[in-house]
Amino acid sequence: MKQLFSNPLALTGFVLISLMLVLALLAPWLAPYDPDAIQVKDILLSPSANHWMGTDGLGRDVWSRMLFGGRISLLVGLVAVGISTAIGIILGAIAGYYRGWVDTVIMRLVDIMLSIPSFFLILAVIAFLSPSITNVMIVIGLTSWMGVTRLVRAEFLSLTQREFVLASAALGARDWRIIFKHCLPNSLTPVLVSVVLGIASAVLLESGLSFLGLGVQAPQASWGNILTDGKEYIQFAWWLSLFPGLAILITVLGYNLLGEGLRELFDPRSTNSR
Amino acid sequence: MSDLILQAHHLVKTYSQHSGTLGLQKTRIRALDDVSLQLKRGTTLAVVGESGSGKSTLARGLMRLLPLDSGQVIFDQQDFLSMDKQALRHARKHIQMVFQDPFASLNPRMRIGEIIAEGLVIHGVGNARQQRDQVMHMLEKVGLKAEDSPKFPHQFSGGQRQRIGIARALILQPKLVICDEPVSALDVSVQAQILLLLKQLQTEMGLSYLFITHDLRVVRHIADEVMVMQKGKVIEQGSVENIYNAPQEIYTQQLLNAIPGHAKRVAIA
């Protein structure tokens with residue numbers, strides 16, 4: 001923890017993310033208005049003391065919508081990465097521990113998944129399912145586990161040859177004990193970096209999908225669909241595009257900085273392993 | 001009861017390596033080439049050879065940590081290599097290993113107490129309380145303190161870590177311990193302490209050692225019998241006195257001459 005704060009990259013990222021998380025968590029208390037309350041007489045007001053970030057085409061307070069939208073965007077990021085990390089760890093551990101044909105099958109699956117442009121895969125899947133937060137989280141999770149799988153597999157390949165793992169095998173340990181007690185705890189450091197970076201891309205993906213109308217559905221706010229609402233008025237209501245854009249930028253930047261910082265801390269040699 | 005704790009007959013292990021253009025050709029490397037050995041109960045057999053001579057492959061093959069191509073291993077009158085999973089798990093209680101690198105052989109994320117107790121936990125020996133007592137007892141036996149139990153491996157020196165490794169191997173009270181270069185990563189002064197400890201534990205617990213090393217200086221302190229390996233083959237075998245005083249093979253003589261201060265004596269003799 002101390003090291004984390006001595007690394008300027010990691011510290012900046014940590015501060016930015018904490019700020020976003022606190023704002024999102026405290027949304028119900030911080031928001032001055034109901035985010036979905038339509039006020040026809042207050043349409044497209046520019047930022048003022050009453051409406052910090054102005055109002056949108058239906059007279060809803062943008063600041064309130066940003067706060068609640070942040071909850072959705074960050075939640076989608078966390079859950080999607082949670083799903084992809086879980087899949088990645090399980091498949092990577094199986095491939096790296098058992099090797100042989102199991103490894104071959106899993107790694108070819110990874111290659112196949114990586115060869116498909118993920119954004120279009122997600123678009124196609126969402127087009128068949130109904131667009132909803134749950135579906136977006138699941139689909140992003142199911143299409144971004146390949147990096148973690150490769151990382152965990154590589155760690156397991158080298159860990160299973162380490163002497164402390166052999167020692168445990170020599171004592172008569174069962175596979176699950178070696179996997180969970182010896183290999184997994186020692187392979188999670190690089191996974192942490194990839195999780196943090198993964199959240200950034202998941203937030204970005206969700207915003208993109210919502211912008212295209214395939215993600216979070218109105219009236220529920222997310223940064224992506226606030227942007228969509230704003231694009232019709234972009235010539236005279238700049239605040240509708242600027243603020244959600246900034247929020248996405250800061251969040252993605254924060255996670256990326258934290259991820260890069262953590263990577264520097266854990267392994268000064270690595271440059272880019274994703 | 002046979003007085004042989006371990007017998008190995010005609011062990012063979014080959015590695016194949018891709019080579020040549022596009023890796024289409026295959027080179028076969030014979031890591032173990034028809035290796036046989038016998039170890040008497042309560043004694044120490046040293047396996048000596050330079051790196052790449054197949055010593056570590058032999059150790060791992062005997063432990064079934066590495067599949068062998070052919071051969072037979074009789075451990076305590078049981079065919080060790082043909083045991084099924086269940087029988088093997090049970091037999092592993094009696095045959096343990098001490099590793100070379102004291103920094104790689106302990107899980108950095110486990111406490112010392114946990115590391116040493118692992119064998120007891122795996123085989124379900126005793127309840128948590130008894131296990132803790134045994135760990136404390138073992139820690140003291142290998143020259144560490146009972147208070148060291150909650151510490152992590154990085155808080156110890158190389159020699160102390162090797163003691164932890166020994167404690168882990170001995171907690172199940174095995175009959176045979178395979179020591180794979182247990183002192184070659186240590187300072188000379190620490191080497192002597194660890195050798196002394198191994199020797200002392202051997203008498204106390206009636207252990208048999210298969211002691212793998214590249215250093216003939218170490219052998220004289222610990223071994224009863226010596227087996228010299230070169231390129232996967234056993235080239236000379238005999239008692240310590242015979243090997244030291246009347247080495248038959250040129251390779252053995254070279255190894256002996258490599259010992260600092262030894263060359264002169266051989267030359268004079």
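**Entry 1: a helix of chain A**

I began with helix α7 (residues 133–142) of chain A, whose buried residues are V136(A), M137(A), V139(A), I140(A) and G141(A). Buried means that 20 or more other C-beta atoms lie within 10 Å of the residue's own; 12 or fewer makes a residue exposed, anything in between makes it partly exposed, and C-beta atoms are placed from the backbone. Helices are DSSP runs of H or I with at least four residues, strands are runs of E with at least two, and both are numbered from the N terminus. The cover over the buried residues of α7(A) includes α4, α6 (118–128) and α11 (188–211) of chain A.

I noted the ground rules: this is a predicted model, in which local features need pLDDT of at least 70 and side-chain atom pairs count only at pLDDT 80 or more, while totals for chains, interfaces and linings use all residues. Residues are numbered from 1 along each chain as its sequence is written, and chains are lettered from A and ligands numbered from 1 in the order in which they are written.

**Entry 2: chain A as a whole**

I counted 13 helices and 0 strands in chain A. Its C-alpha atoms fill a box of roughly 75 × 45 × 30 Å along the principal axes. Chain A has 274 residues, and 46% of them count as buried. I then looked at contacts, meaning pairs of residues whose C-beta atoms, placed from the backbone, lie within 7 Å. Among those in chain A between residues at least 6 apart in sequence, 70% join residues at least 24 apart.

**Entry 3: two helices that pack**

I looked up α2 (residues 8–25) and α13 (residues 239–266) of chain A, which pack at about 145 degrees with their axes 7 Å apart. Axes are lines fitted to C-alpha atoms, for helices over the stretch in contact, and angles run from 0 to 180 degrees between N-to-C directions. The contact includes L9(A), F14(A) and M20(A) on the α2(A) side and I250(A), Y255(A) and L265(A) on the α13(A) side. By class, its residues are 13 nonpolar, 5 polar and 2 charged. Nonpolar covers Ala, Val, Leu, Ile, Met, Phe, Trp, Tyr, Cys and Pro; charged covers Asp, Glu, Lys and Arg; the others, Gly among them, are polar.

**Entry 4: the sheet of chain B**

I found 4 strands of chain B in an open antiparallel sheet, in the order β2-β1-β4-β5. Strands pair if DSSP finds at least two bridges between them. β2 (25–40) and β5 (78–79) of chain B are at the edges with a single partner strand each, so one side of each has no neighbour in the sheet. Further in, β1 (residues 4–19) and β4 (residues 70–75) of chain B run antiparallel and share 5 bridges. One of the bridge pairs is H9(B) with Q72(B) of β4(B). Helix α1 (residues 55–62) of chain B packs on the sheet, where it touches β1, β2 and β4 of chain B, and its direction makes about 65 degrees with that of β2(B).

**Entry 5: a hairpin and positive phi values**

I saw that β9 (residues 225–230) and β10 (residues 233–239) of chain B run antiparallel and are joined by 6 bridges. E225(B) has S239(B) as its bridge partner in β10(B). The hairpin has 2 residues between the strands, and K231(B) takes a positive phi near 50 degrees there. Most residues other than glycine have a negative phi.

I checked two other cases. R99(A) has a positive phi near 50 degrees and sits in the loop between α4 (62–98) and α5 (100–115) of chain A. R99(A) is partly exposed because 14 other C-beta atoms lie within 10 Å. E181(B) also has a positive phi near 50 degrees, in the loop between β7 (176–180) and α6 (188–205) of chain B. E181(B) counts as buried because it has 21 C-beta neighbours inside 10 Å.

Beyond four places in sequence, the contacts of A46(B) include F211(B), V219(B) and M227(B).

Last, I noted that the contact between the chains takes 20 residues from chain B and 15 residues from chain A. On the chain B side, β6 (95–98) and α3 (112–122) give two or more residues. The largest share of that side is the 3 residues from α3(B). That side of chain B has 8 nonpolar, 5 polar and 7 charged residues.

Technical notes:
Two residues are in contact if their C-beta atoms, placed from the backbone, lie within 7 Å.
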